[in-house]
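Dear colleague,

Please find below the structure that I am handing over to you.

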Amino acid sequence: MSFRDESDDQNLRKPFLHTGSWYRMGSRQSSMMGSSQVIRDSSISVLACVLIVALGPIQFGFTCGYSSPTQTAITRDLELTLSEFSLFASLSNVGAMVGAITSGQISEYIGRKGSLMIAAIPNIIGWLAISFARESSFLYMGRLLEGFGVGIISYTVPVYIAEIAPQNLRGALGSVNQLSVTIGIMLAYLLGLFVPWRILAVLGILPCTILITGLFFIPESPRWLAKMGMTEDFEASLQVLRGFDTDISIEVNEIKRSVASSSRRTTIRFSELKQRRYYFPLTVGIGLLILQQLSGINGVVFYSSTIFESAGITSSDVATLGLGALQVIATGVTAWLADKAGRRALLIISSVGMTVSILIVAVSFFVKGFVSDDSSLYSILDIFSVIGVVAMVVTFSLGMGPIPWVIMSEILPINIKGLAGSVATLANWLTVWLITMTANLLLNWSGGGTFAIYTLVSAFTVAFVSIWVPETKGKTLEEIQRSLR
């Protein structure tokens, strides 16, 4: 048995958004009104490209955060039951799983920018459906469409960033993906305190609307263009990303050698997946994205408002907003450290911190079962629970939040990247759905037991990272692939 290599028929494919001509013209026609110098002075930097595609993850986070501040108003205005609203909130996960299945293949066939365009359109339609909803069916349709777009975005953005970023900035720029997700969540929480739910849905259109416009002004991934055999476009894209005065010959030759090496065979047999060059990156990429969610971060956040209330914090919405702000700050610190401390170090520090933090919460819950509700010890244990939850969210954001997506985008082999990326993203969203669906049941069974399970998963993550995850800091994508052979 075998499956087709993703480089088959590469000469028949073209980018969905072909926007390379303006900078090729500027770099070649220096005699025409000095256009070359103008383009050099205003060349698009990698940072500008990252900030534009980061609007996708902001949309991702806004979708995740939308249901929390709007629950009371939506259930009142549309006369929904709690189960109907819970279905509405969970449908984004279902849509995301569908989007994840298709994300890799869409991204390989029409390019990274084309894939983001495909993701943005259903997001806009989905928000419009929610904002004009008069019954639950429009809410459900809108949520599914949003989820579909988010599923594609969650794969495509980290891959695009990894493929355009220079090796010394790839960790920091890759972490912008998760930073943008946390910003989107915080914006949904913040705006939800002040604006009606329909207006909040209209505001949800803005990130993808701006993203669509921005996609026409940034280059396609040079590595995807090289893989498709579009040599002229590939070199022009890389030149504009590195600056028109930069010598890109070494990087061009390295990418060409990597593409040529991965394209020698048109089929890969399933038996060949036993080779280290395939099974190892698949295990690491998929394993990290599953463990990211099995740590129970969604379950902890889900229960955080109850823990805050037990500790005497009356405004759970403000506390949740504060938690979101801490996530943004911690993820920003990770972006700063990713290319200094390295991926492995951040993952180990993060998973150790999560293990200790969740253990504090678990012990607090177990001990509270043997203490009177009106005792001073009970109040102290509530405070420890709050400290544990806050510490868990912060330490998660310091590594296990952003870094697994960075590693996934770096480590997967180029010739099976689309298929493998789809599987990894689908595994992540399946785990999100599993944790979301089981968190309430587990917490009703035993708060201490639930957090004990999450503690064990985080402890296993420490071992997994220590044994399996390689350090990719300071290496080109091509060097990473050679090191795995």
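**An exposed loop residue**

In this predicted model, E79 lies in the loop that links α4 (55–77) to α5 (82–131). Its relative accessibility is 70%, and because exposed means over 50%, E79 counts as exposed. The backbone of E79 also deserves attention: its phi is near 55°, which is a positive value in a residue other than glycine. As background, most residues other than glycine have a negative phi.

**The chain as a whole**

The chain holds 21 helices and two strands. Of its 485 residues, 58% count as buried. Among the contacts with a separation of 6 or more, 83% are between residues 24 or more positions apart.

L87 and R143 are 56 residues apart along the chain, and their C-alpha atoms are separated by 9.8 Å.

Two packed helices are described by the angle between their axes and the distance between the axes. How do α5 and α9 pack? Helix α5 packs with helix α9 (residues 206–215) at an angle of about 155°, and the axes are 9 Å apart. Angles over 145 degrees count as roughly antiparallel, and α5 and α9 are therefore roughly antiparallel to each other. Their crossing is left-handed.

On the α5 side, the residues that meet α9 are K113, L116, M117, A120, I121, N123 and I124. Their counterparts in α9 are C208, T209, L211, I212 and L215. By class, the contact of α5 with α9 consists of nine nonpolar residues, two polar and one charged.

**Helices α16 and α18**

A second pair of packed helices is formed by α16 (residues 343–368) and α18 (residues 403–411). Here the angle is about 145° and the axes are 10 Å apart. The crossing of α16 and α18 is left-handed. In α16, the residues R343, L346 and L347 meet I403, P404, V406, I407 and E410 of α18. This contact of α16 with α18 comprises six nonpolar residues, two charged residues and no polar ones.

**The nonpolar cores**

Which residues have the most contacts inside the largest nonpolar core? They are L288, F451 and V469, in a core of 52 residues. Helix α13 (residues 276–294) supplies the largest share of this core, with eight residues. Apart from this core lies another, of 48 residues, which includes A119, A120, I205 and V240.

Leaving aside neighbours within four places in sequence, V469 is in contact with V284, L288, R344, L347, I407 and F464. Two of these, L347 and I407, also take part in the contact of α16 with α18.

**A buried arginine**

Is R242 buried or exposed? R242 belongs to helix α11 (residues 231–242). At 16% relative accessibility, R242 counts as buried, because the cut-off for buried is under 20%. Apart from neighbours within four places in sequence, R242 is in contact with V46, I164, A165, P166, I248 and E251.

How values were computed. Residues numbered from 1 in each chain as written. Predicted model: local features only at pLDDT ≥ 70, side-chain atom pairs only at ≥ 80, totals over all residues. Heavy atoms only, no water. Helix = DSSP H or I, 4+ residues; strand = E, 2+ residues; numbered from the N terminus. Buried < 20%, exposed > 50% of the residue type's maximum accessible area, 1.4 Å probe, protein only. Core = buried A, V, L, I, M, F, W, Y, C linked by side-chain atoms within 4.5 Å. Contact = heavy atoms within 4.5 Å. Axes fitted to C-alpha atoms, helices over the stretch in contact; angles between N-to-C directions. Parallel < 35°, antiparallel > 145°, perpendicular 65-115°, else oblique. Left-handed = near helix turned anticlockwise from the far one by under 90°. Nonpolar A, V, L, I, M, F, W, Y, C, P; charged D, E, K, R; others polar.
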